[in-house]
Amino acid sequence: MQVSLTAPNSVQYLQPTGLFINNEFVASKSGQTLSTIDPATEKEITTVHAAGADDIDIAVAAARSALKHPSWRKLPGTARGKLMLRLADLIEENANILATIETWDNGKPYQQAVAFDIRAAADAFRYYAGWADKVQGSVIETTPEKLAYTIREPVGVCGQIIPWNFPLVMAAWKLGPALACGNTVVLKPAEQTPLSALYLATLIKQAGFPPGVVNVVNGLGRVAGATIASHLGVDKIAFTGSTQTAREIMKLAAINLKSVTLEAGGKSPLLVFPDADFDSAVTWAHIGVMYNQGQVCTATSRILVHEDIYDKFVESFKQKVATVSTLGDPFKDVTFQGPQVTKAQFDRVLSYIEAGKSEGATLIHGGTAYKDFNGKGFFVEPTIFTNVTDDMKVYREEVFGPFAVVSSFKSEEEAVRRANDSVFGLGASVFTKDVKRAHRVAADIEAGMVWINSSNDSDFRIPFGGVKQSGIGRELGEAGLEAYTNIKAVHVNLQ
Ligand code: NAI
Ligand code: MG
């Protein structure tokens with residue numbers, strides 16, 4: 001159940017195409033497949049098997065039986081950690097192939113895939129491998145007549161539904177803590193980018209994980225995803241994607257009161273005060289919204305600049321975007337920006353460009369599709385709108401593309417109030433050299449993460465997640481373990 005593929009950068013490899021259940025690649029019962037496209041050329045890469053409800057039943061049963069099997073249930077945490085360390089090593093050994101798949105299937109620049117995606121995936125597994133024998137209960141003192149202690153048990157079978165913007169990283173952030181805590185998993189990659197998780201599955205088997213511990217089932221969200229979210233055999237759901245789908249998943253998960261963690265959308269503000277290091281603010285403002293084709297949940301896409309430096313900032317930001325956001329072939333080293341992941345995302349970004357124009361904002365850069373790459377591909381020029389008001393769609397809604405809006409403010413109070421005027425609360429950036437102001441604003445801002453004098457830092461040791469409609473729960477760091485254990489209290493009567 002694999003095909004031999006040769007990527008545009010001449011890398012040749014064997015791509016699994018089946019559903020990965022019980023450590024084997026199998027055909028879907030329904031015979032359904034899905035086609036995945038190279039967004040730079042619009043050509044089909046291959047088709048993979050797509051799970052129907054029957055296939056999800058089989059995958060969940062495999063995960064359930066692995067959960068109880070002594071080869072997993074009785075495996076000491078230290079040994080689980082060793083399997084995960086081996087997996088991290090295998091990811092690094094296969095970095096070239098994994099980065100090639102990520103670039104081909106998603107459109108992200110190859111250099112960025114190597115430097116960030118593959119690195120972050122290996123880091124997450126290695127970090128959580130270290131936790132596997134450190135997830136401990138405690139003895140709690142009560143009275144001399146009683147002994148009471150707690151055990152941290154795995155939650156059980158975890159359904160994990162991930163998006164297409166960082167396919168491998170999202171798989172690693174979800175699998176890492178789940179496996180460290182002794183759970184088993186049914187992972188559903190996004191239908192737009194089904195390939196890298198299947199390749200990861202071959203490495204999971206090679207690392208020595210027992211059958212059924214990790215199952216990878218591609219398929220459509222409304223079929224495979226919805227079946228996992230509503231499945232009575234699944235104990236927990238972890239999801240990353242749109243706020244709208246997060247809401248749907250929470251409803252489906254209610255059927256058996258699954259524990260739910262959600263990492264959803266954002267419209268994160270970036271505030272620039274007049275005392276900021278100006279060049280640094282411009283540099284980070286660019287990275288913060290244009291990196292990964294702007295397809296980043298934490299993208300700082302609402303830029304608010306103090307009126308004293310507004311005109312100068314807008315001019316420098318425009319120059320920066322014009323010179324640094326090199327568009328084109330994602331396999332070329334000079335490329336900063338590849339295509340949007342799909343025609344749907346391409347159309348979505350263009351529709352927001354139309355919305356910005358018709359709402360009366362001023363388009364100062366970009367604003368059209370880019371066709372210099374053989375006339376093909378879902379490329380959009382990096383786009384900046386100014387003269388944006390707070391009631392405009394382009395100011396309020398997540399675009400998820402290389403698309404920034406810039407507005408000016410008069411006071412710190414106004415900046416914070418307007419930054420918080422959003423249904424989202426994922427990230428926020430603050431640029432100032434005033435230490436007091438930096439910490440004051442960080443405290444006042446409604447967000448799960450604040451970056452002082454940078455944007456979009458993430459680190460496997462540091463909790464990641466949002467407030468308001470940006471999500472529930474945290475990934476990464478010690479906090480990322482919380483969702484993956486239940487605490488059992490044991491009362492011992494000593495009388
Ligand atoms: P989506 O949220 O619908 O898809 C994410 C994952 O959820 C995919 O694996 C999909 O198959 C699955 N899914 C979809 N519907 C489902 C359902 N009813 N039940 C269970 N699983 C389901 O996102 P989509 O449609 O690909 O992108 C639309 C917008 O969502 C983007 O433009 C962007 O604004 C946002 N988004 C945000 C992401 C983030 O990192 N926060 C990632 C991807 C998209
Ligand atoms: Mg694709």
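This is a predicted model: local features need pLDDT of at least 70, side-chain atom pairs count only at pLDDT 80 or more; totals for chains, interfaces and linings use all residues.
Thr36 is buried, with a relative accessibility of 2%. Ile37 is partly exposed, at a relative accessible area of 30%.

**Annotated active site**

An unreviewed UniProt entry places the feature "active site" at Glu263. Glu263 belongs to strand S12, which covers residues 259–263, and counts as buried at 3% relative accessibility.

Leaving aside residues up to four places away in sequence, Glu263 touches Phe239, Thr240, Gly241, Cys297, Leu426, Phe464, Ser470 and Glu475.

**Aromatic pairs**

The whole structure holds 16 aromatic pairs. One of them is formed by Trp164 and Phe400, edge-to-face, at 5.5 Å centre to centre with 85 degrees between the planes. This pair links distant parts of the chain, 236 residues apart: Trp164 lies in the loop between strand S8 and helix H6, and Phe400 in the loop between helix H13 and strand S17. Both Trp164 and Phe400 are buried.

Phe278 and Phe313 also form an edge-to-face pair, with ring centres 6.2 Å apart and planes at 85 degrees. Phe278 is in helix H10 and Phe313 in helix H11, so the pair ties together parts 35 residues apart in sequence. Both Phe278 and Phe313 are buried. Tyr127, Tyr128 and Phe460 make up one aromatic cluster.

**Charges over rings**

The charged end of Lys312 sits over the ring of Phe278, 4.1 Å from its centre. Lys236 lies over the face of Tyr484, at 5.3 Å from the ring centre.

Conventions:
Residues are numbered from 1 along each chain as its sequence is written. Chains are lettered from A and ligands numbered from 1 in the order in which they are written. Side-chain values use heavy atoms; hydrogens and water are left out. Buried means under 20% relative accessible area, exposed over 50%, partly exposed in between (1.4 Å probe, protein chains only). UniProt positions are given in the numbering used here, feature names are shortened, and annotations may be inferred rather than shown by experiment. Helices (H or I, at least four residues) and strands (E, at least two) are DSSP runs, numbered from the N terminus. Contact means heavy atoms within 4.5 Å. Rings of Phe, Tyr and Trp (its six-membered ring) pair if their centres lie within 6.5 Å; planes under 30 degrees apart count as stacked, over 60 as edge-to-face and the rest as tilted. A charge sits over a ring if NZ of Lys or CZ of Arg is within 6 Å of the ring centre and within 35 degrees of the ring normal.
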